[in-house]
Amino acid sequence: MNCHETQRWLYVQPHAARPDITAHIAQCVACRRAAEALFRNEREIERTALDVHVPEGLAARVLLRHHMSKKLPKPVAHD
Ligand SMILES: [Zn+2]
């Protein structure tokens, strides 16, 4: 296992445990730092994704638009 394969695997399957990947990360500072940065970024994304302001009345507007779209006549095809 080399650094290229390890870091490629980390970015593709970050949560899939593989003994050879784990062993490489344990003895390679560069890959350990890459893994730590990846998981740090992932935690930051999760934290900020939950902190999104939803405008007041958005759910009602979405439901109203969905309801009204069902009432509209279907478009007529023109040749
Ligand atoms: Zn490495």
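In the predicted model described here, Cys-3, Thr-6, Gln-7, Leu-10 and Tyr-11 in H1 are in contact with Ala-30, Cys-31, Ala-34, Ala-35 and Leu-38 in H3, where contact requires the C-beta atoms of two residues, placed from the backbone, to lie within 7 Å. By class, this contact of H1 with H3 comprises 8 nonpolar, 2 polar and no charged residues; Ala, Val, Leu, Ile, Met, Phe, Trp, Tyr, Cys and Pro are counted as nonpolar, Asp, Glu, Lys and Arg as charged, and the others, Gly among them, as polar. An α-helix has 3.6 residues a turn, so residues three or four places apart point the same way.

Helix H1 (residues 3-12) packs against H3 at an angle of about 10°, and their axes are 10 Å apart; axes are lines fitted to C-alpha atoms, for helices over the stretch in contact, and angles between N-to-C directions run from 0 to 180 degrees. H1 is therefore roughly parallel to H3, a term applied to angles under 35 degrees, with those over 145 counted as roughly antiparallel, 65 to 115 as roughly perpendicular and the rest as oblique.

Residues are numbered from 1 along each chain as its sequence is written. Because the model is predicted, local features need pLDDT of at least 70 and side-chain atom pairs count only at pLDDT 80 or more, whereas totals for chains, interfaces and linings use all residues.

The protein chain contains 4 helices and 0 strands, these being DSSP runs numbered from the N terminus (helices H or I, at least four residues; strands E, at least two). The radius of gyration of the protein chain, taken over C-alpha atoms, is 24 Å, well over the 12 Å given by the globule rule for 79 residues, so the chain is more spread out than a compact globule; the rule is 2.2 Å times the number of residues to the power 0.38. Along its principal axes the C-alpha trace spans about 65 × 40 × 20 Å.

Buried residues account for 6% of the 79 residues, a residue being buried if 20 or more other C-beta atoms, placed from the backbone, lie within 10 Å of its own, exposed if 12 or fewer, and partly exposed in between. Of the 21 residues of H3, 2 are buried, so this helix lies largely in the open. Ala-30, found in helix H3, is exposed, with 11 other C-beta atoms within 10 Å.
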